[in-house]
Amino acid sequence: MSVARNILNNPKLVPGGGATELTVSATLKQKSSSVEGIEKWPYEAAAIAFEAIPRTLAQNCGVNVIRTMTALQGKHANGENAWIGIDGNTGVITDVKEKKIWDAYNVKGQSFKTAIEAACLLLRIDDIVCGMKKKQPPGAKPPSKPQVETEGDADNEQIIPECLWRARGYLSLNEVLL
C-alpha cells in the first residue's frame, strides 16, 4: 500500500534492477578521474558503495557475482546504457525498460539521501572524537610536543589514525548502513 501511495503522491519512476545505482556509480567514477589528490577518495568510496545494491541482487539470484558486476560496470562505464540492470528473477543482465522493472523515485531518492547523511554524521562524530583531549591525572606533566619522525624512524610505513583514515573518505556506505 505504501508503494501505491508513493506513486500517487509523486508519479515518477526510475530504472530498477540496480541500473540507477550503477549509473550513479559510473558518474561518480568519471567525476573522480577529473579530481586530483585526496579530494577524489570520497567520490571513489561512494561509487563503490553504490554498487552494493546490484551486487546483492546478483548474489540473491545465484549468478557469478564477479562476472555479472564486471559486465554491468562495462556497460555503464560510458554513461550511455542507463537502462541496463539485473533481472531479479533470472539473474540475467537485461534492459530493465523492456522488462518493465521500475523503482519509485521517492524511495530511491530518500535512500540515497539517508545513506549520505548517515555517512556525514559518522564523519562528524569521528572528527569530534579525534578532537577531544584526554584528561590528565592531577599532578601529571603536560604532554610534550609531538616528535617529527625522520626518514630512518618511519621504516617506509605510514601509520594513519583511524579517525583520520575515515575523514579521508575510506568509510564505505556499507559500514554506514550496518
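This is a predicted model: local features need pLDDT of at least 70, side-chain atom pairs count only at pLDDT 80 or more; totals for chains, interfaces and linings use all residues.
A residue counts as buried when its relative accessible area is under 20%, as exposed when that area is over 50%, and as partly exposed in between.

Start with the whole chain in view, coloured by secondary structure if you like. The chain has 10 helices and four strands, and from the N terminus on these elements run α-β-α-α-α-α-β-β-α-β-α-α-α-α. Among the contacts in the chain with a separation of 6 or more, 64% are between residues 24 or more positions apart.

Next, select the aromatic side chains, where the structure holds two aromatic pairs. Take Phe-50 and Phe-112 to begin with: their ring centres are 4.8 Å apart and their planes stand at 75 degrees, an edge-to-face arrangement. Because Phe-50 belongs to helix H3 (residues 41-50) and Phe-112 to helix H7 (residues 105-131), the pair ties together parts that are 62 residues apart in sequence. Phe-50 and Phe-112 are both buried.

Now move to Trp-83 and Trp-102, whose rings have centres 5.7 Å apart and planes at 80 degrees, so this pair too is edge-to-face. Trp-83 lies in the loop between helix H5 (65-76) and strand S2 (84-86), and Trp-102 lies in strand S4 (residues 102-104), so here the pair ties together parts that are 19 residues apart in sequence. Trp-83 has a relative accessible area of 32% and is therefore partly exposed; Trp-102, at 34% relative accessibility, counts as partly exposed as well.

Then select Lys-12 together with Tyr-105, where the charged end of Lys-12 sits over the ring of Tyr-105 at 5.3 Å from the ring centre.

For the last stop, select helix H4, which covers residues 52-61, and display Ala-52, Pro-54 and Ala-58, which are buried. Turn the view until you look down the axis of H4: the buried residues of this helix fall within an arc of 170 degrees, so they line one face of the helix. Finally, step just past the end of H4 to Gly-62, which takes a positive phi of about 85 degrees.

Definitions and conventions:
Residues are numbered from 1 along each chain as its sequence is written. Side-chain values use heavy atoms; hydrogens and water are left out. Buried means under 20% relative accessible area, exposed over 50%, partly exposed in between (1.4 Å probe, protein chains only). Helices (H or I, at least four residues) and strands (E, at least two) are DSSP runs, numbered from the N terminus. The arc is that of the directions from the helix axis to the C-beta atoms. Rings of Phe, Tyr and Trp (its six-membered ring) pair if their centres lie within 6.5 Å; planes under 30 degrees apart count as stacked, over 60 as edge-to-face and the rest as tilted. A charge sits over a ring if NZ of Lys or CZ of Arg is within 6 Å of the ring centre and within 35 degrees of the ring normal. Contact means heavy atoms within 4.5 Å.
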